[in-house]
Amino acid sequence: MQSLSDFLQKFKIIRDPSLDKQLVVVLLKKHCGITVDLSCVQIKNNNILISAHAAIKSAIYMKKVPLLAAISSEFPDRKFVDIN
């Protein structure tokens, strides 16, 4: 029989969603030169949703492939498909 601490060990690997959003904002700033507010970023399933002006979204769309590669390297346990 497993001890309680062994059972609860698997829940320690659950990441805080706000830290994920902060990392996405930092990567957007690094790769696209765009500053986005933390409240504008949502992560749902395998998609990253950004609520911003159309010009910002088009700049993100132009650098979508390298940005997704950078995000995937930071999140090895998740596979992000799209940034909208």
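The side chain of K64 makes a polar contact with the side chain of D82 at 2.6 Å, where a polar contact is a pair of N or O atoms within 3.5 Å, one of which, within protein, must be able to donate a hydrogen and the other to accept it, residues adjacent in sequence counting only if both atoms are side-chain atoms. This is a predicted model, in which local features need pLDDT of at least 70 and side-chain atom pairs count only at pLDDT 80 or more, while totals for chains, interfaces and linings use all residues. Residues are numbered from 1 along each chain as its sequence is written, and side-chain values use heavy atoms, with hydrogens and water left out.

K64 is found in helix α4, residues 64-74 (helices are DSSP runs of H or I of at least four residues, strands runs of E of at least two, numbered from the N terminus). K64 is buried, with a relative accessible area of 19% (buried means under 20%, exposed over 50%, partly exposed in between, with a 1.4 Å probe and protein chains only).

Helix α4 is also among the elements against which the buried residues of α2 pack, together with β1 (41-44), β2 (47-50) and α3 (54-62), contact meaning heavy atoms within 4.5 Å. Those buried residues are D20, V24, V25, L27, L28 and C32. Seen down the axis of α2, they fall within an arc of 165 degrees, so they line one face of the helix, the arc being that of the directions from the helix axis to the C-beta atoms. The face turned away from the buried side of α2 carries the exposed residues V26 and K30. Just after α2, G33 takes a positive phi of about 75 degrees.
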